Amino acid sequence: MKSAPSLVSLSLEAVQNELLRGEDVLPDVYELPAHLFDALVVRLPPLSLHKLQNEMPKWKQDECDAGDCFTNGRKRARNGSFNDTWRSLYKQRWAELVDQMQPADWQQAYWEMHLQNCIDEAAEVALLPSFNGKLGEIRISEAMLKFLGYEGQTDTPMSKFSKLYQHCQHFGHYMRSLRLQNVLCIEETCHLLKNSRLESLVLRWIRTKEHVRALCQLLLQNRETLTSLEFIHCKLPSTFVNAICAALHVKSMQSHGIKQFSVHASSFLDSNTVLPSEFSSFLSSGRCLYSLRFCDVHLDRNFAELVFNTLLDASSDLSILDLSDNEIAGWLSSFTWKFKASTISSTGAAKSLASLRVLNLRGNNLHKEDADNLRHALVHMPALRTLDLSENPIGDDGLRHLLPFLVEASGKGFPLADLSLENCELSSNGVIEFLDTLSTLDKSLSSLSISDNRLGSHVAEALVKLMGASVQVLNVGGVGLGSSGFRELQKVMCNSLKLVKIDISKNRGGIESAKFLSKLIECAPELIAVSAAYNLMPPESLTVICSALEVAKGNLGLLDLRGNNLDKLANDASMLLDLQRDGRLRIVFESSPTLDAPYDDEP
């Protein structure tokens, strides 16, 4: 039989309802004893908590800051206690996001996400062919209002939050990040968000003059605070780009405050021989510019060369340059002629390159000549840590062009640590020569990916040497190791492995891949993640793997065994499931939904 609620519980519920209806009971609430005030706060819905916190008189704030509120056996400052309550409300609504963020102010985070949800909901209505009204008049759904504390109510207090403009009016000043579709990129949106102080803005499907006109107004409103701007699926000819960059210019700074500028999967600029003036100024005068990304935007070599040459004389401390998924073969030919005799130096030809830490050139149809040109540019990037050349057909000759730079960088103690060469049409001969050189360097790479190259089993011996060096992250998925390759890999020395993550998937290793996995688990105490998917492991592989896991003393947290049909072996699979019960180890089978993806075994 369900127990009757206490008098205190009923009283707190009554106060909660009074607050929700807008009754003026706050003066009495602030007079409550600390333990009752505490109990009330943790049960209030968001709107009531918002009102209670924002209208709190100074004497009550001082009292709570002194630790006289929220007792529960210990004194806690008011800000921290309210923050915990807002985090709890955030988790109730967006549980999948709460562990991915650590905001200083959970109240701000809550209302920012709530208003973003309202804006997204309004966009769905505005996209309907039948819609011809004002955005601000779009009604907020009952489901959305229920999250705030209104459930089945139709009285006056609820009507204060029934439309989009009311939510923008009350919570717009909490907005720091905004995602905006083109249908909402109109002047009315600028008015609705006039109180916002945006720091990050993501725009989708911006394609017309009307979109850009409204966007420029929004940028003008927020240019003092905006630091991140991203365009996705947009059409941005030179005239649009000039207008956008002009709107970002802060006269008092003679520059702009943008730190991150990104364009993805869009049409960007025209096929001009010069950069638009405002865009060129944006690149050259951006002292705060930290990250620049032009990914899959149909760039050709001329545009890439213009951007690169502009950055050479820029005043920024650029750290990330991403030109992936374009067609820029030959873009560095003129740079090479200028600086071909240079060696690595922090005071080289270009001050902007000296700060570059990440260079992503993935998927640009670069060939061996481009790799040779790149080698001469890399010597002017003494801070470079990450280089991605994947999905470029540079071949073995291109790889050999890069070796002198890697040797020189190691000898001078420069920090290049992460190199990706996936699907670069490399052969075993070129990769063996490359790996043997890496293994002899005083300071070698800590992360290397050579996956999806047709290397065969002959590369295994060189891999054993590399694993005995300093490599911590290694991806050799889909290189054709086969059973003989995994048999050779088992010769790795136990006392030298520093591996943290390894991918050996798609190699058709059979039982030998399971034996190598067993050796890894035993000999790599720092190993936290292994992908051994799609290796045609036979049923007896489970016994081999389980035996290693049962005696393992490391920190392995993820083991991917998809594509081996091992979860169909109920008895042995249960052994693996038992090993997961302490919560540290996660084993992924076919039935694990989060990592499911189609797989094509053809090389």
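**Entry 1: the whole chain**

What percentage of the 603 residues in the chain is buried? I found that buried residues make up 50% of them. Here buried means under 20% relative accessible area, exposed means over 50%, and partly exposed is in between, with a 1.4 Å probe and protein chains only.

Before going on, I noted that this is a predicted model, in which local features need pLDDT of at least 70 and side-chain atom pairs count only at pLDDT 80 or more, while totals for chains, interfaces and linings use all residues. Residues are numbered from 1 along each chain as its sequence is written, and side-chain values use heavy atoms, with hydrogens and water left out.

I counted 25 helices and 17 strands in the chain. Both are DSSP runs numbered from the N terminus: helices are H or I with at least four residues, strands are E with at least two. I also looked at contacts, meaning heavy atoms within 4.5 Å. Of the contacts in the chain with a separation of 6 or more, 79% are between residues 24 or more positions apart.

**Entry 2: confidence**

I checked pLDDT, the predictor's confidence in each residue, from 0 to 100. The chain averages 86, and 86% of the residues score at least 70. Over residues 71–78 the pLDDT is below 50, and this stretch has 19 contacts in the model beyond near neighbours in sequence. Residues 591–599 also have a pLDDT below 50, with 13 contacts beyond near neighbours in sequence. A reminder to myself: where pLDDT is low, the predicted coordinates should not be read in detail.

**Entry 3: the core**

Which residues have the most contacts inside the largest nonpolar core? They are Leu-229, Phe-261, Phe-279 and Phe-294, in a core of 176 residues. Such a core is a set of buried Ala, Val, Leu, Ile, Met, Phe, Trp, Tyr and Cys residues joined through side-chain atoms within 4.5 Å. Helix 8 (residues 106–126) gives the most to this core, with 11 residues.

I followed Phe-294 further. Leaving aside neighbours within four places in sequence, its contacts include Phe-261, Val-263, Phe-279, Leu-299 and Asp-322.

**Entry 4: aromatic rings**

I found 20 aromatic pairs in the structure. Rings of Phe, Tyr and Trp (its six-membered ring) pair if their centres lie within 6.5 Å; planes under 30 degrees apart count as stacked, over 60 as edge-to-face and the rest as tilted. Phe-279 and Phe-294 make an edge-to-face pair, 6.1 Å centre to centre with 80 degrees between the planes. Phe-279 lies in helix 15 (residues 277–285) and Phe-294 in strand 7, so the pair ties together parts that are 15 residues apart in sequence. Both Phe-279 and Phe-294 are buried.

I also noted one aromatic cluster, formed by Trp-86, Tyr-90, Trp-94, Trp-106, Tyr-110, Trp-111, Phe-161 and Phe-171.

**Entry 5: cysteines**

How many disulfides does a search of the whole structure find? It finds zero, where a disulfide is a pair of cysteine sulfur atoms within 2.5 Å. Cys-190 is in no disulfide either, as the nearest cysteine sulfur, that of Cys-185, is 6.9 Å away. Cys-118 is buried at 0% relative accessibility, and Cys-190 is buried at 2%.

**Entry 6: two helices**

In helix 22 (residues 482–489), I listed Gly-482, Gly-485, Phe-486 and Leu-489 as buried. Seen down the axis, they fall within an arc of 95 degrees, so they line one face of helix 22. The arc is that of the directions from the helix axis to the C-beta atoms. Helix 21 (460–467) and helix 23 (510–523) are among what covers these buried residues.

In helix 24, the buried residues are Ser-541, Leu-542, Ile-545, Cys-546, Ala-548 and Leu-549. They cover an arc of only 165 degrees, which puts them on the same side of helix 24. The face turned away from that buried side carries the exposed residues Glu-550 and Val-551.

**Entry 7: a positive phi**

Most residues other than glycine have a negative phi, and most peptide bonds are trans. His-298 has a positive phi, near 60 degrees. His-298 sits in the loop between strand 7 (291–295) and helix 16 (301–312), and is exposed at 64% relative accessibility.
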